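Hello,

Here is the structure I promised to pass on. My notes follow it.

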Amino acid sequence: QGDAAVDQVLDAIEAAYGANPSLGINRIEHATMARPDQIVRMKALGCEASFMTDFVYLYGADYRDKLFGPERAAFMVPLGAAAKAGVGYSLHSDNPAAGLPLNPLRLVQTAVTRRCMIDNSVVGPDVALSIDEALRGITLHAARQMGLDGEIGSLEQGKQADLTILESDPYTTDPEKLMDIKVSETWLGGEKAFG
């Protein structure tokens, strides 16, 4: 979560691999308070990050007002900085640890709006993602980080026809209402699983 922990992970990755890149993806989970210099270092070491946007949604105001102050909190869960630097990223939840219902579109909404539910404030708008970037963070990028991008994560010939049919287009929906989009159907491997 903290920047000291991110330093420790990056030090360990650098010590383990040195000039020899890993054969897989070294992913840093959460990287909640990663600093700008650590994003640069992740890129240099070929690391990726999986960010939990629920930290912004649930705790953004407390991180800003009680723990870290406005400047540090504005860079918490720095998805946009990672995307801009070319660092691979994905979005995840710690469900059920956060105590919220599972809703991947809430992760997308928070990545795009950076809105905290406690006081409705926006925390760190400069590190927001576009809707397209956020949707890729819960689909193709997440599949790649799990080593499954050849099987899932996008609709392509030869992949497992896993898909979700939504009742509204996320690209035309008000970003503040993305999490309210209803799921009509879910298909796994070409078979209807829900709806």
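Which residue is the bridge partner of R27 in β2? The partner of R27 is E48.

First, the ground rules. This is a predicted model, with local features needing pLDDT of at least 70 and side-chain atom pairs counted only at pLDDT 80 or more, while totals for chains, interfaces and linings use all residues. Numbering starts from 1 along each chain as its sequence is written, and side-chain values use heavy atoms, leaving out hydrogens and water.

**The sheet**

Three strands form an open sheet in the order β1-β2-β3, with parallel pairing. (Strands are DSSP runs of E, at least two residues; helices are runs of H or I, at least four residues; both are numbered from the N terminus. Two strands pair if DSSP finds at least two bridges between them.) β1 (26-29) and β3 (89-91) are the edge strands; each has a single partner strand, so one side of each has no neighbour in the sheet. The twist from one strand to the next averages 25 degrees. β1 and β2 (residues 47-51) run parallel and are joined by four bridges. Helix α1 (residues 3-17) packs on the sheet and touches β1 and β2; its direction makes about 170 degrees with that of β1. (Axes are lines fitted to C-alpha atoms, for helices over the stretch in contact; angles run from 0 to 180 degrees between N-to-C directions. Contact means heavy atoms within 4.5 Å.)

**G88**

G88 sits in the loop between α4 (79-85) and β3. Its C-alpha atom is 8.8 Å from that of R27, though the two are 61 residues apart along the chain. Is G88 buried or exposed? G88 counts as buried, at 15% relative accessibility. (Buried is under 20% relative accessible area, exposed over 50%, partly exposed in between, with a 1.4 Å probe and protein chains only.) Not counting residues up to four places away in sequence, G88 touches C47, E48, A49, R144 and Q145.

**R64**

R64 lies in helix α3 (residues 54-73). R64 is buried, at 17% relative accessible area. Its side chain makes a polar contact of 2.9 Å with that of D119. A polar contact of 2.9 Å also joins the side chains of R64 and S121. (A polar contact is a pair of N or O atoms within 3.5 Å; within protein, one must be able to donate a hydrogen and the other to accept it, and residues adjacent in sequence count only if both atoms are side-chain atoms.)

**The core**

The largest nonpolar core has 46 residues. (Such a core is a set of buried Ala, Val, Leu, Ile, Met, Phe, Trp, Tyr and Cys residues joined through side-chain atoms within 4.5 Å.) Those with the most contacts inside it are A31, M42, F51, M76, L79 and L91. α3 gives the most to this core, with seven residues. Leaving aside neighbours within four places in sequence, L79 contacts several residues, including F51, L91 and A111.

**Helix α5**

Nine of the ten residues of α5 are buried, so this helix is largely enclosed by the rest of the structure. Among the elements that cover its buried residues are α3, α4, β3, α6 and β4 (163-166). N103 caps the N-terminal end of α5, with a side-chain oxygen 2.9 Å from the backbone nitrogen of L105. Just after α5, R114 has a positive phi of about 60 degrees.

Best wishes
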